[in-house]
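Visitor: Hi! Could you walk me through this structure?
Guide: Happy to. Let's open it up.

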Amino acid sequence: MKNIITASIAAAAFCTLFASCQRNAASVTKRSVTLRLSEVHARGYPTTLADEEFARLVEERTEGRVKIEVRSGGALAESESDALEALKVGDLAFTRVSASPIAGFVPKINAILLPYLYRSSDHMWKVLNGPVGQGMLNDIERSGSGLVGLCYYDGGARNFYINRAVRSVADMAGLRIRVQDNQMMVDMCSALGAQGVTGIGVAAVRGAIENGTIDGAENNWPTYQSGGDYLVAPFYVLDQHTRVPEVLIASKKVLDGLDSADVAIIRQCAKETQEFEIKRWKEREVSSEQIVRSNGNTIVELSASAFAEFQAAMQPLYEKYGGQYTDIILQIQNTN
């Protein structure tokens, strides 16, 4: 009898312990984690809206296990390059950056950033959603940089904006132009006789033009308008030299610390926000152009001969940055 009682007590103790373990496991499973996403653009900007949609979808699909805090306006990292460095070590979980600074980790990215490469926005998206573009995202993850490419966002066509008239390559001589932290962009300016200036964040461009540090910059309609740059650099040159996509990037270190099922959800949610951002981008592009034009800015449309001159000046860049990627460039050029 004594053995039976002892066994019963032991069984009861085991059941109590097992139930306690189950409760603890359940609490661990349901415990939420809050991850931070850095965005240099302000609230309401197309990429910021996409960041917020990404955060909403992830929290909804993971049933609150993964929450993403979107901090815009450079609150977490003043520049996109700083944000990438923070992702590498896991200090940040996500960021939205231009593809240009990523080329510092994955040089092949330059092949999809070459000047005057795309015929139109539709052409670019066919490339990015096809083998070339998706292969580049995989290359980011395989690079050993600690970065994971999740999806592309639209960044429109980039144009020069200056504090004086530019209608030919000769007019570019000696101008100091803020460019992204990418050596190819610096070399692009050099090929045109100008000086490319790096290390200036998006939010600091207007002040740099006002105090004479630079003569202008290059960017798309929404960025030209939203930061007030159009108020200090009234000449917008529609050369559409590059169509540089934006990329939503994750920290490999952070993703490795999450449940694999939640990582799969994060990847899927990112893909779903691409079309969301493209739509918001097109809407914002139209409204930004209207604001700039109504301000009386000079919108310079290059003559056919001047445009050809700008294109011809880029040959050294194709040789330097595209020489070993001619197969990729041909794939892009042949994409219909």
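**Pockets and buried residues**

Guide: The lining of the largest pocket divides into eight nonpolar, 12 polar and eight charged residues. Ala, Val, Leu, Ile, Met, Phe, Trp, Tyr, Cys and Pro count as nonpolar, Asp, Glu, Lys and Arg as charged, and the others, Gly among them, as polar. This is a predicted model, where local features need pLDDT of at least 70 and side-chain atom pairs count only at pLDDT 80 or more, while totals for chains, interfaces and linings use all residues. Residues are numbered from 1 along each chain as its sequence is written, and side-chain values use heavy atoms, with hydrogens and water left out.

Visitor: How much space lies in the largest pocket?
Guide: About 390 Å³. On a 1 Å grid over the protein atoms alone, a pocket is an open set of points where a 1.4 Å probe fits, with protein on both sides within 12 Å along at least five of seven lines, and lining residues have an atom within 4 Å of a point. A volume is the space filled by probe spheres set on the points, which are joined across faces, edges and corners.

Visitor: Where is Glu-80 placed?
Guide: Glu-80 is in helix α3, residues 80-88. Glu-80 and Val-202 are 122 residues apart in sequence, yet 9.1 Å apart in space, C-alpha to C-alpha.

Visitor: Is Glu-80 buried or exposed?
Guide: Glu-80 counts as buried because its relative accessibility is 14%. Buried means under 20% relative accessible area, exposed over 50%, partly exposed in between (1.4 Å probe, protein chains only).

Visitor: New topic: where is Glu-39 found?
Guide: Glu-39 is in the loop between β1 (33-38) and α2 (46-61). Glu-39 counts as buried too, because its relative accessibility is 0%.

Visitor: What does the side chain of Glu-39 make a polar contact with?
Guide: The side chain of Arg-96, at 2.6 Å. A polar contact is a pair of N or O atoms within 3.5 Å; within protein, one must be able to donate a hydrogen and the other to accept it, and residues adjacent in sequence count only if both atoms are side-chain atoms. The Glu-39 side chain also reaches the backbone nitrogen of His-41 at 3.0 Å.

Note on methods: Helices (H or I, at least four residues) and strands (E, at least two) are DSSP runs, numbered from the N terminus.
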